[in-house]
Amino acid sequence: MTNNIEIRWHGRGGQGAKTAALLLADVAFKTGAYVQGFPEYGPERMGAPITAFNRISSKPIRVHSNIYTPDLVVVVDDSLLASVDVTAGLKDEGAIIINTRKEAEEIRSLLKGYAGRVYTVDARAISEEALGRYFPNSPMLAAAVAVSGVLDKDTFIAEMQHSYEHKFAKKPEVIEGNMKALTMTFESLKEA
Amino acid sequence: MAIKDRMSGNEAVAYAIKQINPDVMPAFPITPSTEIPQMVSNYIANGEIETEFIPVESEHSAMSATIGAEAAGARSLTATSSAGLALMWEELLLAASNRMPCVLALVNRTLSGPININCDHSDGMGARDTGWIQIYAENNQEAYDNFLQAYPIAEDPRVHLPVMICQDGFITSHAVENIELMEDAPVKEFVGEYCPEEYLLNPGKPVAVGPYSVSNYAMEARKNQADALLAAKKVILEVAEKYEKISGRKYGFFEEYRTEDADYIMLIIGSAAGTAKQAVDDLRDQGKKVGVLKLRVFRPFPADEIVEALKNCKAVAIMDRTESYNGNGGPLGSEVCAGLYRRKADVASVNYIYGLAGRDFTVNHVYDIFAELEDMVENGKEVEQFKYIGLRD
């Protein structure tokens, strides 16, 4: 899967799905891969459904279209399952990760018979425990790395420490919480 | 040494601006180009460049101030998109006719309506006859490379015209991709110091900029301006050659991708060219002789060179990412057909309108188009000469 992978993110405006996709491109780039991370905007407002995409490849990437047959789908908000066809085109040998408090089997029943692997992660619980507030993108980024295997956990954690130190140079107090959210996700990710 | 990095198209242009360190940047924010002035403002606030940033109250003022600064003798630029470019309309013509070598970073976005923030080329193509040089990019790398070449083209005494460096809104402006950046020193040497021959703040040699011209002279001024745009062709190639020496990356009026023996060629501008190249590789694997001609320089229009590149193929798909509302063809379609006719090149063509207001353009569309061209040529299928692709059923 690490040779050439396409990922589609579903989230709501303001939840950080785009940021997570860009961070994933960032860390994958540091392993020497060719990367693409880009958003698709619908209406520009908080709460509206948005999509973001990643292509990660060992070869230069030239295609500039959205992704229709992803290897991995990441759903940052389970309320989207009612309105967005999140498994559209998702490969059966691929996987979907959903941020939810629901049990994995209950989630699977909402996925229109998707036959591939289904993972759940309670990003709200993780984020609230690690950061004291609800920012689902760090847990979902860690989940995407864990399931896709685009890079190994230790490399990812080391790169993210570096990346957060840069990104939060003016807010160093949130670095530790975000790092904790990442490691907690690796431990609590569940396969249905 | 090249620096391997990853960044969005907007970041790439802002980084090029930082390396150039121009004198004046007036700008007014509009999606999806807003990040460019925002990032340049950061560079200025951090003391990394000495550029004077002027926060103006509209795009009309942004281009006016750019022209004013340029006329005073300062290397100037601005950035905009869509309705912002439309509001600059009058000033675009003034920049070109007053022979101001300023630069505009255009992040292509559709014009209203319905109001929409996504990519097509209706803004840039709407300004195609304003006298500006227009250079389009496939990706962040090309947006960066083209931007570094803008001032050496614009400021060349044989040209003295403004340059628009265009990239596709969101598709490249907001996509993070791999890029190779240059070190600061070779960029500085390549772009050079700006030493205008004549400028307003030169008490030793007073000049007038933008005075009234009576009919006895105005037509000659227009002809001189048109000649300068034509002269830019030579300069664009010279600058590209010089840039290749320091970057290793080759540029011309267009890129010919697997066209040498192609029966069918897609002529296309911007980010969709990358998608077309991937489709061409897939079709070549199936034995189809297809290729892509990616147009980089739209103004001045390299008609002779395009005809030369197309004349041996059986059919060409001419791709326009804008509607011209004339019922006869898009801007690229109309101009290429005129060029083919004038040079008596007997190449069949279909002019497709695609990707309006952010409609996605995929490898499947490219497969369909090449199949249609082949069906038209081999089986005599009737194909409308001007049609849409990617409409909803």
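Me: What order do the strands take in the open sheet of six strands in chain B?
Reply: The order is 9-11-10-13-14-15, with mixed pairing, and the edge strands, each pairing on one side only, are strand 9 (254–257) and strand 15 (386–388) of chain B. Strands here are DSSP runs of E with at least two residues, helices are runs of H or I with at least four, and both are numbered from the N terminus; two strands pair if DSSP finds at least two bridges between them. This is a predicted model, in which local features need pLDDT of at least 70 and side-chain atom pairs count only at pLDDT 80 or more, while totals for chains, interfaces and linings use all residues. Residues are numbered from 1 along each chain as its sequence is written, and chains are lettered from A and ligands numbered from 1 in the order in which they are written.

Me: Do strands 13 and 14 of chain B run parallel or antiparallel, and how many bridges join them?
Reply: Strand 13 (residues 315–320) and strand 14 (residues 348–353) of chain B run parallel and are joined by six bridges, and Met319(B) has Tyr352(B) in strand 14 as its bridge partner.

Me: Which strands does helix 12 of chain B lie across?
Reply: Helix 12 (residues 331–342) lies across strand 10 (264–269), strand 13, strand 14 and strand 15 of chain B, and it runs at about 145 degrees to strand 13. Axes are lines fitted to C-alpha atoms, for helices over the stretch in contact, and angles run from 0 to 180 degrees between N-to-C directions; contact is counted when C-beta atoms, placed from the backbone, lie within 7 Å.

Me: Switching topic, why is helix 3 of chain B called largely enclosed?
Reply: Because 10 of its 14 residues are buried, helix 3 of chain B is largely enclosed by the rest of the structure; buried means 20 or more other C-beta atoms within 10 Å of the residue's own, all placed from the backbone. Among the buried residues are Met63(B) and Ile67(B), and what covers the buried residues includes strand 2 (24–27) and helix 5 (89–97) of chain B.

Me: And what comes after that helix?
Reply: Helix 3 of chain B is followed by Gly73(B), whose phi is positive, near 110 degrees.

Me: How many residues does each chain give to the contact between A and B?
Reply: Chain A gives 18 residues and chain B gives 19, and the largest share of chain A's side, six residues, comes from strand 2 of chain A.

Me: What joins that strand to chain B?
Reply: Two bridges join strand 2 of chain A to strand 8 (residues 176–181) of chain B, and the two run antiparallel, with Gln36(A) standing opposite Glu177(B).

Technical notes
Contact = placed C-beta atoms within 7 Å. Buried ≥ 20, exposed ≤ 12 C-beta atoms within 10 Å, placed from the backbone.
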